[in-house]
Amino acid sequence: MESSKILVIDDEAVIRDAMKLILEREAYAVETCHSGYRAIELLQQRAFDLIITDLKMPGMSGIELLKSVRTLQPHTPVILITGYASVDTAVEAMKNGASDYISKPFAPDMLLEKVSSVLKQRSIPLDEIDLKKEISKNHGFHQFIGESREMQKVYHRIIHVAATNSTVLITGESGTGKELAARAIHDNSPRKEKPFVAVDCSSLAETLLESELFGHVKGSFTGAVQTKTGLFKVADGGTLFLDEVSNISLSTQAKLLRALQERKVTPIGGTQLVPIDIHLVAATNKNLRTLANEGSFREDLFFRLNIIPIELPPLRSRRQDIPILIRHFLEKYTREIGKKINGIAPDVMAFLEEYSYPGNVRELENMIERAVVLAEGETICNEDLELWDSSAPESGRIIETVPLNAEELKEMKRHIREQAITSLETLFVRNALDRNSWNVTKAAEETGILRPNFQGMMKKLGISAREHN
Ligand SMILES: Nc1ncnc2c1ncn2[C@@H]1O[C@H](COP(=O)(O)OP(=O)(O)OP(=O)(O)O)[C@@H](O)[C@H]1O
Ligand SMILES: [Mg+2]
């Protein structure tokens with residue numbers, strides 16, 4: 001049998017090493033790390049059978065880590081190590097779902113006994129529970145449509161994080177549903193009766209953003225003719241959604257970090273600290289880890305935000321959701337526009353199922369809306385979407401004029417579809433490049449597509465950035 005995997009977190013190297021020695025002698029597979037933040041990174045990468053963490057650590061406390069574990073790996077037991085035997089902390093630990101606790105200093109036998117007893121109690125096996133049972137079978141969740149395994153995981157995490165107050169960082173390419181996820185978190189949380197306040201951090205200049213977030217007192221700067229309540233305070237008791245968080249300037253990032261650490265804000269020009277009670281949800285289509293490495297995003301703020309990460313998968317990596325999304329948007333827009341549409345031509349359907357959707361669900365939604373608006377008959381056909389040149393020999397006419405056998409006809413249809421896909425993708429990539437002066441890095445960033453993948457698309461489509469320099 002494979003040995004149980006244990007993760008040990010303690011800021012003191014002596015304790016870490018001692019635990020590792022004691023546990024490895026009993027043939028457990030042990031990994032150690034020095035902080036809760038590092039532990040969260042590891043928990044995102046692989047599953048553990050047991051977590052043993054110190055309670056008091058600089059940065060993130062053991063209790064905070066425990067709460068994140070409940071979301072990231074709900075079935076992994078946690079043993080807390082307390083510096084002193086205090087009933088209060090023990091009670092708090094158990095209330096937050098710790099399986100057991102040990103007080104320092106501890107005898108090796110005591111540790112081993114607790115570890116083996118906690119591991120024995122574990123009822124749910126490591127292999128993932130069937131998420132589908134827990135999530136409504138209604139083709140989706142909240143406003144989300146999609147029943148793929150990837151989306152089930154997203155719904156699952158939203159439900160868990162909604163029950164906690166841990167900060168969430170939502171990532172994903174443009175149009176994957178990040179804002180939808182933020183709203184779903186709020187609507188499923190105990191805060192749902194309180195405000196949901198969304199701030200688009202990319203649309204406001206630095207000083208404006210600060211006064212929006214923190215508020216200002218009358219006369220604190222030219223134009224501050226009246227005292228203004230900051231959005232942190234407006235969202236009191238509810239959820240504050242910081243969208244496009246990568247666009248915040250370094251100096252505002254510092255203020256944001258302080259506000260999150262102290263759970264208090266100071267309005268511009270003010271002296272009083274105002275306590276805040278919010279669930280913070282942030283979103284970005286950039287890789288904040290990369291930006292932190294490059295120095296344009298504070299690493300400590302990244303860690304603060306990335307407590308519970310939620311990554312929304314691109315549509316092309318969960319193709320089985322495409323048909324239900326199509327049906328959903330067809331129903332939505334025929335209802336809104338008041339048209340009767342019975343179906344989609346097989347050719348168009350085949351195209352929609354094969355296309356790569358660099359603009360994700362938003363792109364699919366826009367295509368269907370346009371098709372419904374333009375549709376002249378009761379079936380959506382190529383003319384409604386203008387996917388390929390209809391003056392080219394098209395299937396119906398081919399049958400009449402050119403005697404093709406079934407195989408050749410199929411091949412020709414496939415070819416036409418492929419050309420349509422290529423031309424749409426080319427348009428997408430070229431437009432993104434045009435908007436960014438043919439700077440590949442910027443174009444990839446804007447669309448939220450990883451740079452190597454964006455370059456891969458350019459290569460496949462035969463687009464070269466150099467031709468425009
Ligand atoms: N799974 C889904 N089911 C139904 N609709 C969806 C889904 N995902 C996204 N949408 C729809 O697609 C559109 C884009 O979603 P949203 O604004 O949440 O994306 P985003 O990730 O915030 O994009 P951006 O990075 O460009 O801001 C919205 O109209 C949203 O309702
Ligand atoms: Mg968005």
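Three elements, β7 (144-145), α8 (178-187) and α16 (360-374), each supply at least two residues of the shell around ligand 1. The model is predicted. Its chain is divided into domain 1 (5-121), domain 2 (140-313) and domain 3 (317-468).

**Around ligand 1**

- Ligand 1 is surrounded by 16 residues.
- The closest of them are S174, G177, K178, E179 and V361.
- By type, the shell holds four nonpolar, eight polar and four charged residues.
- Where does ligand 1 lie relative to domain 2 (140-313) and domain 3 (317-468)? Both domains give residues to the shell, so ligand 1 lies between them.

**The whole chain**

- The chain contains 21 helices and 18 strands.
- Its C-alpha atoms fill a box of roughly 90 × 70 × 45 Å along the principal axes.
- The C-alpha centres of domain 1 and domain 3 are 50 Å apart.
- Of the 469 residues in the chain, 35% are buried.
- Consider contacts between residues at least 6 apart in sequence: 69% of these join residues at least 24 apart.

**Helix α16, a contributor to the ligand shell**

- Helix α16 (360-374) supplies at least two residues of the shell around ligand 1.
- Does its length agree or disagree with 1.5 Å a residue? The 15 residues of α16 should span 21 Å, and its end C-alpha atoms are 22 Å apart, which agrees.
- The buried residues of α16 are N360, V361, L364, M367, I368, A371 and V372.
- Seen down the axis of α16, these buried residues fall within an arc of 130°, so they line one face of the helix.
- An α-helix has 3.6 residues a turn, so residues three or four places apart point the same way.
- The packing partners of the buried residues of α16 are α14, β18 and α17.

**Helix α15**

- Helix α15 covers residues 346-354, and V348, F351 and L352 are buried in it.
- These three cover an arc of only 95° around the axis, which puts them on the same side of α15.
- The buried residues of α15 pack against α14 (322-337), β17 (343-344), β18 (379-380), α17 (382-385) and α19 (406-435).
- Among these partners of α15 are α14, β18 and α17, which also pack against the buried residues of α16.

- A282 sits in strand β15 (residues 279-284).
- Is A282 buried or exposed? A282 counts as buried because it has 28 C-beta neighbours inside 10 Å.
- Beyond its neighbours within four places in sequence, A282 is in contact with L169, L242, V245 and L305.
- T171 is 111 residues from A282 in sequence, yet the two are 8.7 Å apart in space, C-alpha to C-alpha.
- Q226 lies in the loop between β10 (215-216) and β11 (228-229).
- Q226 has 9 C-beta neighbours inside 10 Å, so Q226 counts as exposed.
- Q226 and H216 are separated by ten residues in sequence and by 8.3 Å in space, C-alpha to C-alpha.

Conventions:
Residues are numbered from 1 along each chain as its sequence is written. Chains are lettered from A and ligands numbered from 1 in the order in which they are written. This is a predicted model: local features need pLDDT of at least 70, side-chain atom pairs count only at pLDDT 80 or more; totals for chains, interfaces and linings use all residues. A residue is near a molecule or strand if its C-beta atom, placed from the backbone, lies within 6 Å of it. Helices (H or I, at least four residues) and strands (E, at least two) are DSSP runs, numbered from the N terminus. Ala, Val, Leu, Ile, Met, Phe, Trp, Tyr, Cys and Pro count as nonpolar, Asp, Glu, Lys and Arg as charged, and the others, Gly among them, as polar. Domain bounds come from an automatic or database domain assignment. A residue is buried if 20 or more other C-beta atoms lie within 10 Å of its own, exposed if 12 or fewer, and partly exposed in between; C-beta atoms are placed from the backbone. The arc is that of the directions from the helix axis to the C-beta atoms. Two residues are in contact if their C-beta atoms, placed from the backbone, lie within 7 Å. The expected span of a helix is 1.5 Å times one less than its number of residues.
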